[in-house]
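Hello,

Here is the structure you will be working with. My notes on it come after the model.

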Amino acid sequence: MTSTAETLPQTRHLATAIPGPTSTALHEERVAHVTSGFGVTLPIFINRADGGILEDVDGNRIIDLAAGIAVTSVGATNTHVQAQVALQMSKFTHTCFMVTEYDSFTKVAAWLNSHTPGDFDKRTALFSTGAEAVENAVKIARVATGRERVLVFDDAYHGRSLLTMAMTAKVNPYKLDFGPFPGEVFRAPTATRLWAHRSGETTAATALGGVEELLVDNGPETFAAMVIEPIQGEGGFLMPAPGFLAGLRELATKYGIVFVVDEIQAGLGRTGKLFASEYEGIAGDITLTAKALAGGLPLSAVTGRTEIMNAVHKGGLGGTYAGNPVACAAALGVFEAFEDGTLLENALAIEATVRETLEPLMDGTSVIADFRGRGAMLALEFTDKLTLETRADLAAEVAAKCHSQGVLVLVCGTYGNVIRLLPPLVIGQELLRDGLAVLRDAIIAVDAAQKGAAQNTEQVLPADNHGGAASLTAI
């Protein structure tokens with residue numbers, strides 16, 4: 001399935017401290033030349049990547065539980081992708097599809113029309129980034145409905161462009177100081193937080209009532225689009241309560257609102273199905289894809305009902321790099337990689353292994369309040385279990401311990417207190433178990449330190465006037 005010029009061993013190996021001296025020197029160059037506005041999770045420079053391993057310039061082999069934020073799902077050196085890209089590169093790199101055409105664009109569109117949820121006639125538009133896909137979906141919905149307003153949800157993440165920042169919930173770092181933002185964006189409640197897991201469909205009904213109330217109060221006939229992720233990614237891999245997405249689908253239909261399902265992170269096999277919305281038995285009027293769509297090359301798509309997609313005037317959609325031919329070739333390689341069903345099976349096998357290793361920490365520690373997700377899209381939420389106070393500091397500490405041991409994990413969540421797992425779907429089970437053992441041990445160590453700190457703050461109160469004594473344990 002994957003290949004490099006020289007096979008990259010699928011084992012973790014620490015040749016130096018992380019980061020090593022060569023990465024440290026290169027990072028100093030980065031600081032001298034690159035804006036500090038770009039953050040970095042782990043300051044190492046990668047030389048090669050294959051399977052579930054990232055090899056840095058110091059010879060360290062790091063277990064990849066991030067996949068470039070769910071981009072290299074089929075692997076960073078997938079042979080199907082490599083072959084398609086090499087063939088296209090031997091022909092041409094660009095013409096601009098709006099100037100002269102090439103059939104790889106059409107083939108990608110045809111595959112998405114056939115495979116995205118929804119038993120209706122579809123059309124697809126290709127772009128370069130996820131944010132572009134979101135913005136174009138809003139443009140299309142506005143033309144198709146003649147309306148302006150957009151409904152989004154608590155904990156949503158839709159991108160870093162001006163409109164998608166308005167649609168995104170998290171302020172720091174995504175929206176901080178970048179305003180003012182476009183208007184006509186309204187935010188509704190969801191049924192996805194910790195409390196939602198305790199009351200199931202009742203919580204869904206309550207949240208749906210809040211959504212409809214917001215629509216009615218602001219005029220449902222003014223809303224063009226309702227946009228939601230089937231699993232909220234940057235928000236913390238938040239899972240919808242049973243019936244919530246189906247209820248949103250009904251509300252969108254009831255009020256003539258275009259229902260847009262943002263599958264940018266959860267789609268293309270990440271959850272064990274091609275699209276996460278399949279688990280909910282729903283189909284968006286428009287489905288958005290990006291990230292894993294082209295195996296590491298920039299490509300995104302808006303796929304939807306023909307009458308909606310074709311409502312836009314000729315020339316109203318496009319972009320110089322929209323549906324670049326090399327990226328389209330890569331996507332065709334990704335589609336080939338999914339043909340035999342192995343990658344979807346791998347996603348479910350990854351889930352089983354992660355659950356077996358990490359789910360017991362829910363009861364075995366005082367710092368994990370929730371374990372959630374589907375397939376190879378899983379997360380642990382760190383809180384004080386008694387108060388459910390979010391603990392971003394603990395998530396960061398656990399991640400740092402993993403990084404120092406050569407395991408790459410990502411922190412996310414509206415409150416920064418979630419560790420998310422997004423391994424490539426081609427990761428081997430032995431390598432996965434090694435990475436999970438490092439993560440488990442880091443959590444246990446942090447939990448033990450928390451318990452020790454709590455014991456050290458135990459105070460013995462002085463005897464009262466009756467000669468009795470009392471003790472108070474600080475929490």
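Predicted model: local features only at pLDDT ≥ 70, side-chain atom pairs only at ≥ 80, totals over all residues.

Residues are numbered from 1 along each chain as its sequence is written, and side-chain values use heavy atoms, with hydrogens and water left out.

The whole structure holds eight aromatic pairs (rings of Phe, Tyr and Trp, the latter by its six-membered ring, with centres within 6.5 Å; planes under 30 degrees apart are stacked, over 60 edge-to-face, the rest tilted). Phe97 and Tyr102 are edge-to-face, because their planes stand at 75 degrees, with the centres 5.4 Å apart. Trp111 and Phe335 are stacked, at 3.8 Å between centres and 5 degrees between planes. Both Trp111 and Phe335 are buried (under 20% relative accessible area, where exposed is over 50% and partly exposed lies in between; 1.4 Å probe, protein chains only). Ring pairs also link Phe92, Phe97, Tyr102 and Phe105 into a cluster.

Phe120 has Arg305 over its face, at 3.8 Å from the ring centre, and Lys122 over its face at 5.1 Å (NZ of Lys or CZ of Arg within 6 Å of the centre and within 35 degrees of the ring normal).

The open sheet has seven strands (DSSP E runs of at least two residues) in the order S4-S10-S9-S8-S7-S5-S6, with mixed pairing; a pair needs at least two DSSP bridges. Strands S4 (122-127) and S6 (185-188) each have a single partner, so one side of each lacks a neighbour in the sheet.

Regards

Methods:
Helix = DSSP H or I, 4+ residues; strand = E, 2+ residues; numbered from the N terminus.
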